[in-house]
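Here are some friendly notes to read beside the model. Take the points in order, and keep the viewer open as you go.

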Amino acid sequence: MTNKFLLIIAYLFSSLSLFSQTYITNVTIVDVENQQLIPNQTIVITNDLISKIQSSKSLKIPNKATLIDGTGKYAVPGLTDAHIHFFQNGGLYTRPDVLDLRGHQSYEEEIKYAHQNMENTLYRYLQNGITNVIDVGATYSLLDRRKEFTTKHKTPSIQMTGPLLTTYLPAPYKDLEEHAPFSLVQTAEEGIKMVQEQLQYHPDFIKVWYIVEADGADIETSARKHLPMIKAIIEEAHKNNLNVAVHATERITAQLAVENGCDFLVHSVDNEILKEDFIQLLKKNKTILCPTLTVRSGYLNTLGQKIDISKHELQKADPYQLGSLLDLKHLQGNPLIDQYKARLNLKEVTEVLMKVETTKMANLKLLSDAGVLLATGTDAGNIGTLH
């Protein structure tokens, strides 16, 4: 009986030692849902989970609790990166349609690395305060891999589309089967069929790559030529309770996509300053827009061979992919390498590219001032934009 009593006492003490609380006191809470700051709050963390948030004045703190003074500091919810791609690693070899270096490294190895390194990539997001990532253009194989992380609390939550339904298919991505990030749509009927095909993989939404001028026509002619396919995809996705994201960087493609029910524009319009009627259309339809202002500089700095690696990147980035961005300094035998370097450092080219960036920034200000819902996203995975 005595031994049993001692065991019970020992168990109680061990249970008490496992029960730990941390108090972050006098912190200002950033309430993003109600768009306000709530000062002088205390956050109670019990066994690594937030269990309570209340006024510091009304909360009694136990003597043995761990205290963190939050005076003068802010507590924010986890961040969201609303535009990433797991099929791309962010390094030099990840977009053979932009710079084909398959003679130096096989694209199959890139695919393999993306899969093997996916969990590590997710940890890197958490290290940077990002608790939710949205993959707006994945593959069937990655949709299957996503299932592994749905129950893991030490990785960000993931929303993901299947392959991009596209009006143009770059040659390096043909015949990749379950690893294909693109599905070419040539008719409205094909668009409907491809949405239905994705349903069995349970995507969170559908993504369209609305590419124009690849058919040789001007922007508006090409956009209207492809519109029946875009409309059919959006309608079929909505029938199946799936939202639709659209890559549309021209004003006309963005406008046509929104007029036909697009829920999420995944880039800025960069070819003209937005007019009031289009801005009001976005507001009326409650369309979300993600500017992805960082991604272009990744390409320009890498392909122009003017990489300046920051301390933060050295500390937090995948070292293999980060290092690959410097490979252009010694790779030989590909004429595109020298062409990119020479062209991207020309003054007249720099001025044109700067005008594009200025347009995107001006549009962002217009959209923000008008109250259009904006999402933060990096387009991570593209060359020079690391996860």
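1. Is Cys262 buried or exposed? Cys262 is buried, because its relative accessible area is 2%, and buried means under 20% relative accessible area, with exposed over 50% and partly exposed in between (1.4 Å probe, protein chains only). Cys290 is also buried, at a relative accessible area of 0%.

2. A word on where the values come from. This is a predicted model, in which local features need pLDDT of at least 70 and side-chain atom pairs count only at pLDDT 80 or more, while totals for chains, interfaces and linings use all residues. Residues are numbered from 1 along each chain as its sequence is written, and side-chain values use heavy atoms, leaving out hydrogens and water.

3. Back to the cysteines. A disulfide is a covalent bond between the sulfur atoms of two cysteines; here it is counted when a pair of cysteine sulfur atoms lies within 2.5 Å. The structure has zero disulfides. Cys262 is in none, and the nearest cysteine sulfur, in Cys290, is 12 Å away.

4. Now the whole protein. It has 13 helices and 14 strands; these are DSSP runs numbered from the N terminus, with helices (H or I) of at least four residues and strands (E) of at least two. Of its 387 residues, 46% count as buried. Its C-alpha atoms fill a box of roughly 85 × 50 × 45 Å along the principal axes. Contact means heavy atoms within 4.5 Å, and among contacts between residues at least 6 apart in sequence, 70% join residues at least 24 apart.

5. Helix H7 deserves a look. Seven of its nine residues are buried, so H7 is largely enclosed by the rest of the structure. The buried ones are Ile252, Thr253, Ala254, Gln255, Leu256, Ala257 and Val258. Their cover includes helix H6 (219–239), strand E12 (243–247), strand E13 (264–265) and H8. After H7 comes Gly261, with a positive phi near 105°.

6. How do H7 and H8 pack? H7 (residues 251–259) and H8 lie at an angle of about 30°, with axes 10 Å apart. Axes are lines fitted to C-alpha atoms, for helices over the stretch in contact, and angles run from 0 to 180 degrees between N-to-C directions. The two helices are therefore roughly parallel (under 35 degrees; over 145 is roughly antiparallel, 65 to 115 roughly perpendicular and the rest oblique). In H7, Ala254, Gln255, Val258 and Glu259 meet Phe278, Leu281, Leu282 and Asn285 in H8. By class, this contact has five nonpolar, two polar and one charged residues (Ala, Val, Leu, Ile, Met, Phe, Trp, Tyr, Cys and Pro are nonpolar, Asp, Glu, Lys and Arg charged, and the others, Gly among them, polar).

7. H8 (residues 276–285) also packs on H13 (residues 347–370), at about 50° and with axes 10 Å apart. H8 and H13 are therefore oblique to each other. Ile279, Leu282 and Lys283 in H8 meet Leu366, Leu367 and Ala370 in H13. Five residues of this contact are nonpolar, none is polar and one is charged.

8. Last, find Thr155 in the loop between helix H4 (140–146) and strand E8 (157–160). Thr155 counts as buried because its relative accessibility is 7%. Leaving aside neighbours within four places in sequence, Thr155 contacts Leu122, Tyr123, Leu126 and Phe149.
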